[in-house]
Amino acid sequence: MLSRIGESIYWLARFLERAKNVARFLDVHAQLLLEQPWGTLGDGPANETFLPVFSLLGETDEFRAAWPGRPADRAAAVDHLVLDLDRPSSVRSIVRAARENGRAVRDRISREMWEELNTFHHALVGLEAEAVREHPHATLIDICRRIQRIYGVAEATLLHDGGFLLFRTGLFLERAGLTARLLRGRWFKLQAVEFRGLPVEPLGAAILKAASAFEAYRKVHHARMEARRVAEFLLFEPAFPRTVRFCLASVDYAVRGLRRSPPGSSSTIAERATGRALADLAYAEPGRAFKGQFGLDDFLARVLDHCDRIGEAIAESHFLHLPEEMLVDFRSAP
Amino acid sequence: MRYRVSHTTEYRYDDSVYESHNELRLSPLATPLQRVHRFEVRSEPRARMFSYHDWLGNVVHYFNVHPIHERLTIRAESVVSVSPRPKSDVWRQVAVGDFRRERDRLRETYYEFLAPSTRVPALEAWRDLAPDIDAAGDGEALYDLVSEAFARVHARLAYDRDATRADTPVDRVLALGRGSSKDFSHVLIGALRGLGVPTRYVSGYGFHLGEPGAEAPPGASGRPFPFLSHAWVEAFLPGVGWCGIDPTHARPVDLRYVKVAVGRDYDDVVPVKGVFRGSGRQDLGVFIEMWSVPEREEVD
């Protein structure tokens, strides 16, 4: 397989996973506001109810610059994070980028998968802005469902070769980073709630739901919800496909499959990077994750660092990188 | 000439920030006339540096700092030597007639250095600054028209490092009539592109460019202009190649200039740029030092 093709499939998956998470974060936050009215936790200005979603996605500054003076409410969040085609980080733009990558490898993915992707893109282009602002839930849930359908169709109709392994690599690497960012963005707040003796439930459940992990968590932990249990579950649970550990294990498995390296050996820098990350997660003493200078935050920073290095290593060992001397072209002449 | 350059950039945030992603264009370019003996860049807090070449051939280093921090320091050290560049009388051998014959090909090959760019948009002013090339005879030297353009830029602008900021638009610079080396370069780029000559922006370092003995930048009111981050332009003359011209000092680029990055305009060569999470205001300090070091026999 050409590395260019592999790279497109990998990014196709990363973009889809990213879009799904933005949609789900928004939807879950809107629901949280119904269960736990804004302001009960000293949240900030009354008309800035969607600020936590902006900051979770690192979009606060972008938003302030793009819409000076506009409060960060639901309509603003929908405009900025879902609809705005001029911003590369909106759901519409991300899905457009996913489709562009899919189009570049149209003959490498199945007809069914391309059709799902293409109709999805066109459905988003045709969204009625006013309707979405009024009732975002239906649209956001539809976005998540359509993306999950694409995953299902990919699984069921693609040839399970190197391209499919790169699809899995992209999907799980993106998901690992997003789960870590979700936890990082909400951890201090969750701890504060617990510290003040308030029920952990509404916010803790919202965090789990943002990772589609609420029901799974409840199957594992029946007792009263605790902040630390929530964090441990999202990081270390080996049997749930959204946890950082599960995602990194899946990346490791997929990357090894590309070279058919048996466990315990490594033939590319990508395998070494995933192996190190996985060892860090799989053999971590859970208690130690909370012991840094800034507690869990330090551990999450390390997880994100692992994700960066894996992404870099995959690009270096599997995608096209021109040797340096080929880049010194006529333009660099005196 | 061999130089050692130390370039330190320091950000202080008034609140803690995290997940900072940064891109650096600090490594001198390796070209046939410029040799990079050593380049090292480090950040504090420490982070793994990655690098790639951008589409213009510049070396880009990038790194991410995930842990919480209140200060970010980026220290780049390079040792680089510069060989003598061709004299400008070679440039004068390119005739306007040769240029006219090559024009279509240049337009195709160097389109991005002829088209308006973000910081050098299409402006009426370029028409006044560019001499009329259609009136010139085939036998005239193209370089004479180029130097006419930078003479006109000089008549329009006075050197004043503090008159503008990094993001001052070029039409504002023309209205002010003052600017830094960045602004001189943007204006000359506009003028030369108006002439149809592909022109690109160069960022780098200048060694003792305006100290006593050397000519002071016009209008600099005797202020020392020692060794600083500097900007100039390169014009593409068919048959010769990219020719470096420093519009701030009104002279061809020589051994005192170390080239770091090239681009359509400043936006392509920003030395340090990045994003972070957190709500801190930031304070920025840049410290550049440059030494001339003895040439040694090459052992490597």
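**View 1. The meeting of domain 1 and domain 2 in chain B.** In this predicted model, 6 residues of domain 1 of chain B are in contact with 6 residues of domain 2 of chain B. On the side of domain 1 of chain B that touches domain 2 of chain B, two elements give two or more residues, namely β1 (2–24) and β14 (282–293) of chain B. Of the elements on this side, β14(B) gives the most, with 3 residues. Sorted by class, the side of domain 1 of chain B that touches domain 2 of chain B holds 5 nonpolar residues and 1 polar residue, while charged residues are absent from it. The domain assignment gives domain 1 of chain B as 2–82 + 270–293, and it gives domain 2 of chain B as 88–254. Between the C-alpha centres of these two domains of chain B the distance is 27 Å.

View 2. Strands of a sheet pair through backbone hydrogen bonds, and the pairing can be either parallel or antiparallel. For β1(B) and β14(B) the sense is antiparallel, and the pairing extends over 12 bridges. Within this pair, Tyr3(B) can be found opposite Ser292(B) of β14(B). Strand β1(B) also pairs in the antiparallel sense with strand β5 (residues 69–82) of chain B, again over 12 bridges.

View 3. Strand β1(B) pairs with strand β13 (residues 272–277) of chain B in the antiparallel sense, over 5 bridges. In β13(B), the residue that stands opposite Asn22(B) is Gly274(B). An antiparallel pairing over 5 bridges also links β1(B) to strand β4 (residues 59–65) of chain B. In β4(B), Asn22(B) has Phe63(B) as its bridge partner.

**View 4. An open sheet of 5 strands in chain B.** The strands of this open sheet follow the order β11-β10-β9-β8-β12 in chain B, and their pairing is antiparallel. The edges are formed by β11 (251–252) and β12 (257–263) of chain B, each of which pairs on one side only. Inside the order, strand β8 (residues 199–206) of chain B and strand β9 (residues 228–237) of chain B run antiparallel and are joined by 8 bridges. As an example that can be followed residue by residue, Tyr201(B) stands opposite Val233(B) in β9(B).

**View 5. The contact of chain A with chain B.** To this contact chain A brings 17 residues and chain B brings 19 residues. Helix α15 (residues 296–318) of chain A supplies 8 residues, the largest share of the side of chain A that touches chain B. By class, the side of chain A that touches chain B divides into 7 nonpolar, 2 polar and 8 charged residues.

**View 6. Chain B as a whole.** Chain B contains 6 helices and 14 strands, and its C-alpha trace spans about 65 × 50 × 40 Å along the principal axes. Because a compact globule of 300 residues would have a radius of gyration near 19 Å, the 20 Å of chain B agrees with that expectation. Of the 300 residues in chain B, 41% are buried. Among the contacts in chain B with a separation of 6 or more, 76% are between residues 24 or more positions apart.

How values were computed
Residues numbered from 1 in each chain as written. Chains lettered and ligands numbered in written order. Predicted model: local features only at pLDDT ≥ 70, side-chain atom pairs only at ≥ 80, totals over all residues. Domains from an automatic or database assignment. Contact = placed C-beta atoms within 7 Å. Helix = DSSP H or I, 4+ residues; strand = E, 2+ residues; numbered from the N terminus. Nonpolar A, V, L, I, M, F, W, Y, C, P; charged D, E, K, R; others polar. Pairing = 2+ DSSP bridges. Rg over C-alpha atoms; globule rule 2.2 N^0.38 Å. Buried ≥ 20, exposed ≤ 12 C-beta atoms within 10 Å, placed from the backbone.
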